[in-house]
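Work through the exercises below with the model open in a viewer. Try each task before reading its solution.

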Amino acid sequence: MRIICNYISPEISFLRRLLLLAGSFLGFNYATAQFVSGRVIDGATFKGISSASVSIWPRGSETAMSTVSEINGSFHLTILTKGRFKLTITAVGHKTLDSIIDLTPERPDLGLFILHNLEDTLTPAVVSAKVPAAVMHGDTMDYNTAHFRVAENAAVSALLAKLPGIQVNDDGSLLIGGKKVDKLLVDGEEIFGGSPGAVTKNLTADMIAKVQVLEKKSLQADFTGVDDGKRSTTVNLVLKDNSKQVTLKKIQAGGNPSGYYDASAVEAGFKKKRQFVVIGMMDNVGSSQVNTTVADHSAGLNLQRDNNDPLGGSAGIGIPLVAGAGLHYANDWGVGVHINANGQYGYTTTNPTSVLLNRQLLPDSIYLQEQTNRSSNYQSKQQSAVLIEDKLDSLSALQIYAQGQTSIGGNRLVSSGSSWFNDSLINKSLRTIDDKTSNYYVSLYGTWRQFFNKSGRNLSLSLGLASSSDKGNGLLYSIATFTGVPPMASDTIDQRKDLSNRTIAISGSMDYVEPVTKLLNVALSYNFSSSTNNATIGTFSRSGQKYNNIIDSLSSEYKDVTLDQHMSVGVQGQNRSFSYSIMADVQSYTITQNDQAQHNSIDYYFLFFAPRATLLYNFDPYDRLSLYYGTSFQAPNPTQLQQVQNNTDPLHINEGNPTLKTGVGRALNMSFFKTRPFFVSVGLQYNYTTSDISVKTEIDSLGRQISQPVNVPGSRNFTASTFASRTLMSSGIEFGVTSAISLAANYSFVNQDLSNNRNATARAGLFVIKSVADKYAFEARFNLSYSTTSSSINILGNTHFWQQDHLLRGSVFLFPKFEFLNTVAYTWRQKLTPFDGINSTFIYGFGLRRYAVHNLLIISWQIDDLFNQNIGLSRSILGSQITETTTNALGRHWLFSLSYQFPRRSK
């Protein structure tokens, strides 16, 4: 039975006007939009059903317009076309209602819809209710994947690309509303940490029940209950129940006669709480760009080379050849015990070349440098981490985390360069480095937590130990010719370098939470960290065939002892609509620096007071606002305080400054998310630093740069970014706009002059995306940016330039299961003096792909960069300097490859 009502509340009329206004602001046409409403009631009680899912499916569309009912059962939807639709209403504990409706302007109210209770049976019934495309609960945004259709056995990346506001890059990394995703979880577990490509390219979309986007607290804050203000944007893939009983295997291999290759294999098994994933890969075409950092108790598949060479024997990234393997295991062991372990091995070799142009403004001239670098580098690395959580009883728990990493490597560099004052050549140089490096890191950290009979009261104690070592030794040879000095002078350096840095640290914390009311908890926290660091620089000149004459002025041996203590007190609380934390931090930082060679000691002491606050408020399930204010301190590290010179690049010498003072930074961040009726993300960030630590660079008459850290008055940075997208239900086309503006003001010393620098960048873009599974897909992205920089020391060198970036990507199924792919990427940068080389690139690639055996077998042939224009060009602005770098990049190449995913086996 259906009862028809014809009543539209004033609130609905207001919402209609607000929707039309927002649509006109975004440039969308709502001329045919119709606002419809209705009400869902229980068939037994005739009371409204809240949180019922209402979905309307336009004819020919792959996505539904969805909403949830309010507390009285009423719902409201905006429909962009008229005609016949399929209506589906679901609610937990009720039978699903399916109906065909005709929507006309004369029928804005759909009336009452009655849902009947499920009939009682001998076994309980489980009903999964549909929800709108994106709904927010506290700090979590849920996507229901049931409304988005992808091809059979498609990868998770294909599903994520269809979700509003989510962008999937070629390497598998993710953006949410234009913001980079820090971590990817599967059922709450980290699988290779921040390496989303290992998951999104190998798990299948039909395994996923729901996609969650979280502003996740740190591991320590989650466990102890004391909010430390740290957040990471995290995506959690929630598996379907039937996906927790399967094993997935996939292999892929590709290559060509020219020696390019790309191969990988993965096996993933899931059974209830158990996860087991093993992956191996090797390639020399840059497709294995999966990497992560060991931070916040995470470890993952990291195949890229670390930049841990103290002699600087690398010319850049280049085209890496990588081979690696990773292992992930997670499970519940017994009652209350859970384990998460990740391990990896990686081997990387690369032969980069680069050309660097750097222009720096001086008070009376312009200083220009050009460097050409070539190097050969390799690194072998092992890394592992394990997290164990044990619920000792109903009131206490223990968490133990251990991780370790070792690596060895070697580097050979040949670098040549020239420097000019205006148009006058002042020096030329040739430099070679041949070195070996090694490092290790190991840590063990444990936290015990005790709850009490009073709900919400808990005490946590932590203790950690860590040890690390970095070593580098090799030969430095350099010839510098100074043409600006009559008569012509030269300087030759032939030295052996031994550098090492060893650290042992102990840390601990105590955290306590005392509940006062439901929304008010008092939080206390104390943290300490004490470390001993031994840093040695040994520089030796040649004597005959050996390097055994130590150069005292370029050698040092320091032992630094630091003690960092941090105490916080504040209030925090949360409910379904909001959460907050207001804390006051007091931090003391002490450094005792012992010069072992000179037998003297210097003590440094810094005391900080730092308030901070976080607030997250959900206006409703579709609108969320978050605010953060915090104070940070930039205490000088022991290396900055050491005055010994590092001459690994004789024309670019770095030295320390024992008179450094701490810098104080303040940050205010705001973000806003809206998911209905369109997806909107707005971010504002403002940072202000006083007594900033900057770099003072003196350029002498020979063109040598001598850099030293110094304190400057401060810096200011402001960034505003927006992202808005809308999916038209009538056509399934998603289109949107992006914009960002960044303003920066800072100070830096150039010789003895203090330069007031101003930098600004504005960017705007738009995109259009449309895809229909097994038929076609289209993506277009257009971006335009403008950058300007100025310096008070030389207004004649003020710079501004435009840049355009365009991407067109499309595919079409010419025949069933036969796909033709095209990609066009065009970048143009305005020419600047002296950056007047190649400033634009046009990269075109296409391929053919054949699907077979229910899409389990994929045969493909693809050619990239058909016109061979990829030159690895980048440009950056920092203070009064502009740098443009061109590196060797993978140019025109083709691959023939096969990929086969074995049919999933149920356990």
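Predicted model: local features only at pLDDT ≥ 70, side-chain atom pairs only at ≥ 80, totals over all residues.

Residues are numbered from 1 along each chain as its sequence is written, and side-chain values use heavy atoms, with hydrogens and water left out.

**Exercise 1. Find the strand order of the open sheet formed by 6 strands, then its edges.**

Step 1. Strands here are DSSP runs (E, at least two residues), numbered from the N terminus. Two of them pair if DSSP finds at least two bridges between them.
Step 2. The order reads S8-S9-S15-S16-S13-S14, with mixed pairing.
Step 3. S8 (134–137) and S14 (189–190) each have a single partner strand, so one side of each has no neighbour in the sheet.
Step 4. Check the S14 end. S13 (residues 183–186) pairs with S14 in the antiparallel sense over 2 bridges. Leu185 has Glu190 in S14 as its bridge partner.

**Exercise 2. Identify the residues with the most contacts inside the largest nonpolar core.**

Step 1. Such a core is a set of buried Ala, Val, Leu, Ile, Met, Phe, Trp, Tyr and Cys residues joined through side-chain atoms within 4.5 Å. Buried means under 20% relative accessible area (1.4 Å probe, protein chains only).
Step 2. The largest core has 41 residues, and the most contacts inside it belong to Tyr143, Leu160, Val235 and Leu237.
Step 3. A second, separate core has 19 residues, including Val36 and Phe113.

**Exercise 3. Trace the partners of strand S23 (residues 366–390).**

Step 1. S21 (residues 337–350) runs antiparallel to S23, joined by 14 bridges. Gly346 stands opposite Lys381.
Step 2. S22 (residues 353–361) pairs with S23 in the antiparallel sense over 9 bridges. These two form a hairpin with 4 residues between them.
Step 3. S24 (residues 396–421) is antiparallel to S23 over 24 bridges. Here the hairpin has 5 residues between its strands. Val386 faces Ala402 across the pair.

**Exercise 4. Which residues lie closest to the centre of the second largest cavity, and which strand gives the largest share of its lining?**

Step 1. On a 1 Å grid over the protein atoms alone, a cavity is a set of points where a 1.4 Å probe fits but cannot get out; lining residues have an atom within 4 Å of a point.
Step 2. This cavity holds about 100 Å³ of space.
Step 3. Of its 15 lining residues, Gln371, Ser429, Asp649, Leu651 and His652 are closest to the centre.
Step 4. S24 gives the largest share of the lining, 4 residues.

Conventions
Buried < 20%, exposed > 50% of the residue type's maximum accessible area, 1.4 Å probe, protein only. 1 Å grid on protein atoms, 1.4 Å probe; cavity = no way out; pocket = protein on both sides within 12 Å on 5 of 7 lines; lining within 4 Å. Points joined across faces, edges and corners; volume = space filled by probe spheres on them.
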